[in-house]
Amino acid sequence: MAETIVPRPQAGQVVSEPGHRMVDPAALRVRAGQLAELEEARLRAGTPGSQRMHERAVRSMTSGVPSSYQAREPWPIYLTHGEGSRVWDVDGTEYADFHNGYGSMVQGHAHPAIVRAVRERIGLGSHFAMPTEDSLVVSEELARRFGLPQWRYVNSGSEATMDAIRIARGVTGRDTIIKIFGSYHGHHDYVMVSIGTPYADIGPAEHMNSLGYGAGIPQVVIDLTVPVPFNDASAMERRIEELDAQGRLPACVIMEAAMMNLGVVLPEPGYLQAVREITARYGIVLIFDEVKTGLCVAPGGATERFGVRPDMVTLAKALGGGLPSGAVGATAEIMEVVASDRVKQVGTFNGNPLTMAAARASLLEVLTAPAYDHLDRLNDRLIGGCDAILARHGIPGYTVGISSKGCVNFTDAPIRDYTSFMAHQVAELPELAWLYNANRGVLMAPGREEEWTLSVRHTDADVDRYLECLDRLAHDLVAVAV
Ligand SMILES: Cc1ncc(COP(=O)(O)O)c(C=O)c1O
């Protein structure tokens, strides 16, 4: 296809080509519904092996999947293997992988350096619950990259944010915490609050509602977590003042410096600096949850990319090169509560030798400076290409991303936080785009709020395949919807 590279838009800019009329979102919704039926039928016809595996799986594994985030009606796609930027399903279909294990595989699948490190390590014993040299090499490298001197390990992003919050509570002696409305920080009770909320239940910016995400979370825990909007430092400050007046000064603000899990929402100029200043002034621990951004947007994550230093950082996903992993980094003052054993930071599998061997190889041999140059170049091409397609076909929206991460926002207004996302996203289109991609050999993370993740093994051919799918989708939408 003929691809026009257009200048990269500013975050939040709604792109249109001068002289091009936007297709009405209501018409797009109708057309999207019709196309989704056709594409769903095509997907079912193309995945008989997954259907059979699902029939067997549901007998012993609830909903036929290891995690509810892997479920899909009527059945999910079951995979066999991956190599580089590609994965294969049980029917033998090859996909260019932009899902990448919810952003864990920025190294690409079966990277030779990581395969070698894990192979060598497993022959030497895979678990002792005693420290090995690789764990200190990894912490030295993380300290260098993130500018935070002290590190501990866990086994997932949820464990990382849970431990970080407990440490912040231990340091400050306070219980209340602040999070950003709509931000996902894992599946433990402290943070399963105010995510995936229907628009009508969000509440005003100054007083957003604390709402549990699913059953089983005690109301007393929900009430300790206070949500505020992204990209609005004054709303955060007003909420802190109010909590302070009630004798509930927060222990921490936990946030992503650039929001993932809502497509990608970049911080507006000055926002992170203002948050840093406010939290420092009130003695509130600032935690950047870099489980997604961590090693994916720069060597030192969003912390390096946006030049604002938090008090703590949480990592997981890409840290382990495909093995379960997680880490908490902090200043020496903060980690004193752990060193003194006032806060218990523990776990049988923390610093597992296999994970540490994979992380060491990943950090020292794979995620090097040229790797980030490669990711930046490919992502710029992908973002420019997507915007050119939207503009050419008059589809409302814009593309936004950083380094390996990005998404097409199908929206008729800029998205700067959860409220604008829920108000303006044409929600039928990400679902339809997922189907179009899957039926044409491109695997995306499912869900209206997911972003793509490139790997260092992705090539221009993978970007072309993604752009071809989007062009097909845009063409088919507009063919009838105008
Ligand atoms: C920003 C962020 N924090 C924490 C988590 C939880 O990580 P895990 O699924 O490894 O527990 C996620 C998972 O998507 C995440 O995106």
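Predicted model: local features only at pLDDT ≥ 70, side-chain atom pairs only at ≥ 80, totals over all residues.

Guide: Residues are numbered from 1 along each chain as its sequence is written.

Visitor: Why is valine 221 called partly exposed?

Guide: Valine 221 has 17 C-beta neighbours inside 10 Å. A residue is buried if 20 or more other C-beta atoms lie within 10 Å of its own, exposed if 12 or fewer, and partly exposed in between, with C-beta atoms placed from the backbone. Valine 221 therefore counts as partly exposed.

Visitor: What does valine 221 touch, leaving out residues up to four places away in sequence?

Guide: Valine 221 touches Asp189 and Tyr190 (contact: C-beta atoms, placed from the backbone, within 7 Å). The C-alpha atoms of valine 221 and tyrosine 190 are 6.3 Å apart, although 31 residues separate the two along the chain.

Visitor: What makes helix 1 roughly parallel to helix 15?

Guide: Helix 1 (residues 25–46) and helix 15 (residues 428–438) pack at about 30°, with axes 9 Å apart. Angles under 35 degrees count as roughly parallel, over 145 as roughly antiparallel, 65 to 115 as roughly perpendicular and the rest as oblique. So helix 1 is roughly parallel to helix 15. Residues making the contact include Leu28 and Leu43 of helix 1 and Leu432 and Tyr436 of helix 15.

Visitor: Which residues are closest to the ligand?

Guide: Ser156, Gly157, Ser158, Gly186 and Val291 are the closest of the 15 residues that surround the ligand (C-beta atom, placed from the backbone, within 6 Å).

Terms used: Axes fitted to C-alpha atoms, helices over the stretch in contact; angles between N-to-C directions. Helix = DSSP H or I, 4+ residues; strand = E, 2+ residues; numbered from the N terminus. Contact = placed C-beta atoms within 7 Å.
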